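Please look through the model shown below before reading on.

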Amino acid sequence: MDTATHITMGVALGGLSTLDPVVQQDSIVFQSIIVGTLLGSNAPDFDTILKFKNNALYIRNHRGITHSVPAVLVWGTAISTTIHTFVPETAFWHLFFWTLLAVILHVFVDIFNAYGTQAARPFNQNWIALGWINTFDPYIFALHIIGIIAWLIFDADPGFTFLILYCVLFLYYLKRYFDKQDIVTKIHQQFDDVEQIVTSPTIRHNFWKLAITTDDHFYVAQAENGGIKVVDTFIRKKLPDHPAMKKALQDRNVKAFISFSPVYRWEIEELDRYTEVRFIDLRYRSKGHYPFVAVVKLDHDYNIKNSYTGWIYSEEKLQKKLHPVPN
């Protein structure tokens with residue numbers, strides 16, 4: 001989920017913790033837990049700092065090891081231990097429980113969008129991306145804001161307020177699951193030999209982006225109000241036995257792209273001054289453009305001149321990223 005939603009979830013869990021009798025009776029414990037749940041709700045995304053180094057490192061690691069099983073335990077332990085060091089009178093195990101729960105909830109809700117996480121690492125390196133919920137869901141965010149307002153302004157009981165809120169959200173997640181299953185059923189009715197379906201819910205509740213893989217084609221489609229509409233079709237081609245492709249697959253930006261993207265097409269363009277190999281993720285079509293790419297430029301001897309991976313919304317910006325930067 002987005003940072004704003006994770007923050008509201010941290011506040012909500014702090015409110016929910018008042019159902020714990022120890023928290024109810026001690027304001028210091030409550031204040032420590034609020035700090036713990038806020039930090040725990042955002043800690044796994046501290047890996048965003050990797051973006052300042054380079055996109056390949058960020059793409060390959062964001063929501064990776066920081067969202068893994070060992071990392072969840074490390075975050076929960078480190079945050080609660082640090083808080084307890086400064087506030088030793090806090091009941092440590094209660095603080096640890098609610099802080100750890102905040103970290104777990106962060107990782108849990110992230111698996112429901114199209115980006116996903118490596119939440120099962122180290123037992124499984126695969127990305128878990130269920131594709132039910134948009135990264136920013138206005139209904140989830142609004143419900144949290146309503147609960148926080150009811151607590152802080154109208155003096156509603158925070159424990160029962162957020163308990164009711166999470167019961168409602170449980171039903172909402174069930175609805176989104178059935179929404180996706182309905183889309184998947186219709187895709188199988190409309191297309192033959194379907195191998196893979198990637199669903200990307202959008203901020204609009206009844207509008208989904210789809211990337212469908214069959215034996216012979218990639219279909220980029222949309223689901224809106226129950227109907228499936230194909231907007232782009234590409235012939236599915238195996239990676240060629242071409243020296244430019246072989247070299248491109250060794251590039252760090254391409255490796256990062258392929259590790260992250262479950263459905264993409266490729267292009268090789270041989271120009272006068274260089275050869276360009278491009279990989280295009282089919283999940284993120286926006287206004288007829290596919291912004292998430294990996295591009296490698298090679299000289300006539302197929303040595304890599306430079307490369308880039310990331311989100312680019314114009315060819316001009318892509319060329320600026322590629323031109324002066326060495327591989």
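1. Leaving aside neighbours within four places in sequence, Y173 touches V109, F112, W132, I133 and I140, where contact means heavy atoms within 4.5 Å. This is a predicted model, in which local features need pLDDT of at least 70, side-chain atom pairs count only at pLDDT 80 or more, and totals for chains, interfaces and linings use all residues. Residues are numbered from 1 along each chain as its sequence is written, and side-chain values use heavy atoms, with hydrogens and water left out.

2. Y173 is also among the residues with the most contacts inside the largest nonpolar core, which has 37 residues; such a core is a set of buried Ala, Val, Leu, Ile, Met, Phe, Trp, Tyr and Cys residues joined through side-chain atoms within 4.5 Å. Buried means under 20% relative accessible area, with a 1.4 Å probe and protein chains only. At least two residues of this core come from each of several helices, including α1 (3-16) and α8 (158-190), while α6 gives the most, with nine.

3. Helices here are DSSP runs of H or I with at least four residues, and strands are runs of E with at least two, numbered from the N terminus. The buried residues of α3, among them I33, I34 and T37, are covered by elements that include α1, α2 (21-25) and α5.

4. In strand β1 (residues 194-201), six of the eight residues are buried. Seven bridges join β1 to the antiparallel strand β2 (residues 207-214), and pairing requires at least two bridges found by DSSP. T199 has L210 as its bridge partner in β2.

Notes:
Buried < 20%, exposed > 50% of the residue type's maximum accessible area, 1.4 Å probe, protein only.
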